[in-house]
Amino acid sequence: MEHAHAKTQAHPIGVYLWTWGLLFVLSAFSYLVDYFHLQGQLRWSLILLFMMLKAGLIVAVFMHMAWERLALIYAILLPPVLVLVFVALMALESDYTLITRELFFKAGL
Amino acid sequence: MAQAAMTETAEPISRPDGLRGIVADFSSDQRAFKNVPWGKAMMWIFLLSDTFIFSCFLLSYMTVRWSTEVPWPNPSEVFSLTIGGQNIPLILIAIMTFILISSSGTMAMAVKFGYARDRKKTAILMLVTAAFGASFVGMQAFEWTKLIHEGVRPWGNPWGAPQFGSSFFLITGFHGTHVSIGVIFLLAIARKVWRGDYDSQRKGFFTSRKGNYEIVEITGLYWHFVDLVWVFIFALFYLW
C-alpha cells in the first residue's frame, strides 16, 4: 500500500531543483523592484505577480498539490479565494474610515 | 473486515477524474480524500485554518494602513542595513527570504528521499532545513532588536503611523513562532527517521502507533506553508 503511494508522490529531483531555482530568480526580481525604486501601478502589479507565481510554485510543486486529486485541490484552495470578498469589504471600510478621519482631523469640523 | 484499517493510505481502485471525480469522491462513504493518508488530509485542513489566521492579520494590516491619514513609514528605509559604509535597502529581509526558500528546497528533497527510504539523506536534509529555519529566526531576533532600539513600539515609532509597529510585531512575531515550532517539529521527526523508526515499525511513545515515511511529507507541508506565508508577508508588508 505504501508503495502505491510512493509511486504517486515520488518525483524526479530535477523538478525540485528547477522550482528552487525559479523561486530564487523570482525572489531576486521582487527584491529588484524595491532596489530600483519602481513606483505606482508598475510596482504593485509586479509585486503581486511575483508573489502569486512564487506561491503557486510552492503549493503546486513543493506541496505536491499538482499531483493530488481534484477533490482535495478544491477543498483546500477554493476557501482562501473567498478571502478576496473580505479584502473588498475591508478596502471599502478603510476608505470610509479615511474619509471620516480626514473630515474630522484635518478639516476640523 | 479486512479493509477495516483505513489509516494506511492509498487505494488501488481506479477512480473517475475531473469534476465527475470530485462528485464521486465527496459522495463516497467514509473518506472524501482518496489516495491521501489521513495525516496529510488533516495537515492540509490545519493549514487551511492557519491560512485564515494569517489572512486576518494581513487584512487588518491593510485596513489600518489604508485608513490612517498619517504617512506610513517607508519599509525600504526602515529595514535597510549599512554594510561596509553603504546603505542597502531591505537587504536583511532579502537574505531571510533566500534562506527560507533554500530551506523549502532541502525539505522537498528530504520528502523525496523519505519515500525512497533513504534514511540518512532524509535525516540530514531535514537537519539542514532546521538549521536554515533556526538562522531565519536568529535574523528575525536581530531585526526586532534593531527596531526596538530605534524606538519602534506596538503603539508608535519615530517615522509615521503608529499602526506600523503593531502590524509589524503581530505579523512577523506570529510567523516567527510558526518557524520556531517548525524547527522543533523537523528535529523531532529527523531524529525518528535517523533512528529508523519507520523501518523498524517502532511505535510512537505518545500515540503508540506505528509511523511511516508519510510523516516526512506531512512535516514538509507545514514547513512549505511557513515559506508560503513569508512570500505574502514579504510582498505585502516589506515591499508594498
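## Chain A

Of the 109 residues in chain A, 21% count as buried; a residue is buried if 20 or more other C-beta atoms lie within 10 Å of its own, exposed if 12 or fewer, and partly exposed in between, with C-beta atoms placed from the backbone. The model is predicted: local features need pLDDT of at least 70, side-chain atom pairs count only at pLDDT 80 or more, and totals for chains, interfaces and linings use all residues. Residues are numbered from 1 along each chain as its sequence is written, while chains are lettered from A and ligands numbered from 1 in the order in which they are written.

Chain A has four helices and zero strands. Helices (H or I, at least four residues) and strands (E, at least two) are DSSP runs, numbered from the N terminus. Along the sequence, the pattern of chain A is α-α-α-α.

## Chain B overall

Chain B holds eight helices and two strands. Starting at the N terminus, its elements run α-α-α-β-β-α-α-α-α-α. The C-alpha trace of chain B spans about 70 × 40 × 30 Å along its principal axes. Of the 240 residues in chain B, 37% are buried.

Two domains are assigned in chain B: domain 1 (1-35) and domain 2 (39-239). These bounds come from an automatic or database domain assignment. The centres of domain 1 of chain B and domain 2 of chain B, taken over C-alpha atoms, are 33 Å apart. Among contacts in chain B with a separation of 6 or more, 69% join residues 24 or more positions apart. Two residues are in contact if their C-beta atoms, placed from the backbone, lie within 7 Å.

## Where the chains meet

Which elements of chain B supply at least two residues each of the side that touches chain A? The contact takes 49 residues from chain B and 53 residues from chain A. On the side of chain B that touches chain A, helix H1 (18-27), helix H2 (38-67), helix H4 (91-115) and helix H8 (214-239) each supply at least two residues. H4(B) gives the largest share of that side, ten residues.

The side of chain B that touches chain A divides into 28 nonpolar, 14 polar and seven charged residues. Here Ala, Val, Leu, Ile, Met, Phe, Trp, Tyr, Cys and Pro count as nonpolar, Asp, Glu, Lys and Arg as charged, and the others, Gly among them, as polar.

## Helices H4 and H8 of chain B

H4(B) and H8(B) pack with their axes 9 Å apart, at an angle of about 160°. The two helices are therefore roughly antiparallel to each other. Angles under 35 degrees count as roughly parallel, over 145 as roughly antiparallel, 65 to 115 as roughly perpendicular and the rest as oblique. Axes are lines fitted to C-alpha atoms, for helices over the stretch in contact, and angles run from 0 to 180 degrees between N-to-C directions.

H4(B) passes H8(B) in a left-handed crossing. A crossing is left-handed if the near helix is turned anticlockwise from the far one by less than a right angle, and right-handed if clockwise. Residues of H4(B) in this contact include B:Ile93, B:Leu100 and B:Met107. Those of H8(B) include B:Trp223, B:Trp230 and B:Phe234. The contact of H4(B) with H8(B) divides into twelve nonpolar, five polar and two charged residues.

## Helices H5 and H6 of chain B

The axes of helix H5 (residues 119-149) of chain B and helix H6 (residues 163-195) of chain B come within 9 Å and cross at roughly 160°. That makes H5(B) roughly antiparallel to H6(B). Their crossing is left-handed.

From H5(B), the contact includes B:Met126, B:Gly133 and B:Phe136. From H6(B), it includes B:Gly176, B:Leu186 and B:Trp194. The residues of this contact of H5(B) with H6(B) divide into 15 nonpolar, eight polar and one charged.

B:Val128 also lies in helix H5 of chain B. With 19 C-beta neighbours inside 10 Å, B:Val128 counts as partly exposed. B:Val128 and B:Leu92 are 36 residues apart in sequence and 20 Å apart in space, C-alpha to C-alpha.

## Two loop residues with positive phi

Most residues other than glycine have a negative phi. B:Leu90 has a positive phi, near 60°. B:Leu90 sits in the loop between strand S2 (86-88) and H4 of chain B. Is B:Leu90 buried or exposed? B:Leu90 counts as buried, because 22 C-beta neighbours lie inside 10 Å.

Phi of B:Arg117 is also positive, near 60°. B:Arg117 is found in the loop between H4 and H5 of chain B. With 13 C-beta neighbours inside 10 Å, B:Arg117 counts as partly exposed.
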